[in-house]
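This report describes selected local features of one protein model.

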Amino acid sequence: MIVAVDVGGTFTDFVAVDEEGRLLAYKILSTPRKPEQAVVDGLSRLPKVEEVLHASTIGTNALLGQMGLELPKVALFTTKGFRDVIEIGRQNRPRLYDLYFDKPRPIVPRELRFEVDERTLANGTVLKEVDPGEVEQYAKKAVESGVVSVAVSFLHSYINPSNEARAGEVLRRFFRYVSLSSEVAPEPREYERTSTAVVNAALMPLVGRYLEELGRYAESRGGRLYVMSSSGGLVTAGEAARKPVHLIESGPAGGVVAAAEFAKILGLPRVISFDMGGTTAKAGTVVNSEPSITTEYEVGGEAHHGRLVKGSGYPVRFPLIDLAEVSAGGGTIIWRDEGGALRVGPVSAGAEPGPVCYGRGGAEPTITDANVVLGRVAQLLGGEMKLDADAAYKSFRRLGDPVEVAWSAVQLANLEMARAVRLVTVERGLDPSEFALFAFGGAGPQHAAELAEELGVKTVVIPPEPGVFTALGMLFADSKFEARASYPRDLEEAYRRLEESLSPVGPTYYVRLADVRYQGQGWELVVPVGRPASLEEVRRAFEEKHLATYGFKLDRPIEVVTVRVFAVVARKRPRLREPEATGEPKPTHRRVYFGEWVEAPVYKREELPRGFKTEGPAVIEERHSATVVPPKWRVEVGPLGSLVLRQ
């Protein structure tokens, strides 16, 4: 049995599939202080485990300062004169007019940054070789200071890594965890490359121990552990432990992969992946079955309406699925500010204590409580988790009329989530009205249709098992391994060398990408590259994307800064079954609020046969979620039991 596990802020989701294609899906509450505990508890319910496919936010949570996930003491070995590069940064100010803003605290304190007297020139010529004795001397000082993990970032090592490699050989005699920038981020830009190496070094002990523990448990059950990477592919646990920056956006990537796979099955060329869980809502885009990829992220930083605030976190240069994330999940707290205005988020009730209706000690009303008050949600986990509607109703009283406040809060949450969708569509030169909205996560189907109205989207798809869809997506993910090089002299030769370096993986096919800019520009766009690689084709692809993104083109030569290759090893996908229900379903009825109270039919999703149609208002309940069909919308059961909503 293959099982996928997605650790979220509120729930940990499990989806298992057997040889016959039968799915078993369930949720348990997460254990934030010891995330592996929920994983082990959930896996212990299964009689047999062959493979464990895992997505986790442990790396991000550690950098955000979550209790119980303290970062180890890290040292940085860098070129003489560059010890302060991670503190100087780019001089970005997240809040331009805030005189009291404090920059993010450097992961490596100044006294643990060691300057090595070596130098490689920008053309790759080694001007001064590294002295192993000097590196050893500094290594001993680091050991005396209690350092657990080290990062190495020498000038221009992305062109010639020989000095870094020699330093790494020495350091590995003293430290188990060594992060070389030439292995983790062989790209230009000293600050971002050094930051990536440091973040990787900081996470190696924590993520390594976490994966080792889970790996041992999987092996004790006769299985192997694989990890979902931020780029949308599975990697081995060993690869993830060596490069834990793989896991920065591990969990959300699985949902986008699943949306891409189901879009292909349903024949939808353009879809918006919308994942609303208990803590956040995340949006991404899929065009022609390929998720959009970006190459830089600031981990542990601030976000403003889904947009990462530059300079507020730690830059990481690593390929990942392009996502926007906002604090609008089922557990997001509703409150009033000092001026009396109603606010939604960013604070979340999380798994402990959770929304008021969970009856676990929560006192602040949340989005889930609002949906309970409005009659949209009446139960969770197929009725195993009873919801206290009276407690939810009472929690809103101090904010005003409970129904009015709950209705306003849902609309505010929808506006916030629409901003996230526009970040990955409108701001990328894409028109959201040309897309279908794929909505999942425990709370996504409750808000999908009204969110689509806000965006001008006419089609909404609720896939099977939406409450655990991210975990389900991992079952459809291929193994994916990445290599890259900077400033190639010969484009095709550079790609060929990268592919050869990945050949032991045994890929079914390769995906080629390039980071391209106009000469003189400061930042690049990522474009696909064909076979054989042609500079003229790269230019055409770049200019098309530049025009779509920025609205103009320049009469200027282009520059290929970085070439990257993904080696993709296809995995066997599970065979999902069509709905087995037959006959006409018999709904119950309850009052549901859509600006006014209406008596709406309530269906059980497992009782809906293929081709079933009805019009809103209606609610379709299932074990891990509930789909709200507003007035003026109609719904039909499509392939594999997907619910297709249209206006």
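Two strands are taken to pair if DSSP finds at least two bridges between them. The model is predicted.

## Strand S5 and its partners

Strand S5 covers residues 74-79. It pairs with strand S9 (residues 149-153) in the parallel sense, over five bridges. Within this pairing, Ala75 stands opposite Val150 of S9.

S5 also pairs with strand S6 (residues 113-116), again in the parallel sense, with four bridges. Here Phe77 has Phe114 in S6 as its bridge partner. S5 is mostly covered, and six of its six residues are buried.

## Cis peptide bonds

Most residues other than glycine have a negative phi, and most peptide bonds are trans. Against this background, the bond from Arg531 to Pro532 is cis, and its omega is near 0 degrees. Pro532 sits in the loop that runs between strand S29 (525-528) and helix H16 (535-550).

Another cis peptide bond links Gly616 to Pro617, with omega at about 5 degrees. Pro617 belongs to the loop between S33 and strand S34 (618-622).

Arg189 is not a glycine, yet its phi is positive, at about 85 degrees. The residue is placed in the loop between helix H6 (181-184) and helix H7 (190-220). Is Arg189 buried or exposed? Its relative accessibility is 12%, so Arg189 counts as buried, the cut-off for that class being under 20%.

Asn288 likewise has a positive phi, near 55 degrees, and is a residue other than glycine. The loop that holds Asn288 lies between strand S14 (281-287) and strand S15 (290-291). With a relative accessible area of 55%, Asn288 is exposed, because that class begins over 50%.

## Thr614 in strand S33

Strand S33 spans residues 613-615 and contains Thr614. The relative accessible area of Thr614 is 17%, so this residue is buried; the limit is again under 20%.

Which residues does Thr614 touch, not counting those up to four places away in sequence? They are Tyr603, Arg634 and Val635. The loop between S33 and S34 is the one that holds Pro617, the proline joined to Gly616 by a cis peptide bond.

Key. Residues are numbered from 1 along each chain as its sequence is written. This is a predicted model: local features need pLDDT of at least 70, side-chain atom pairs count only at pLDDT 80 or more; totals for chains, interfaces and linings use all residues. Side-chain values use heavy atoms; hydrogens and water are left out. Helices (H or I, at least four residues) and strands (E, at least two) are DSSP runs, numbered from the N terminus. Buried means under 20% relative accessible area, exposed over 50%, partly exposed in between (1.4 Å probe, protein chains only). Contact means heavy atoms within 4.5 Å.
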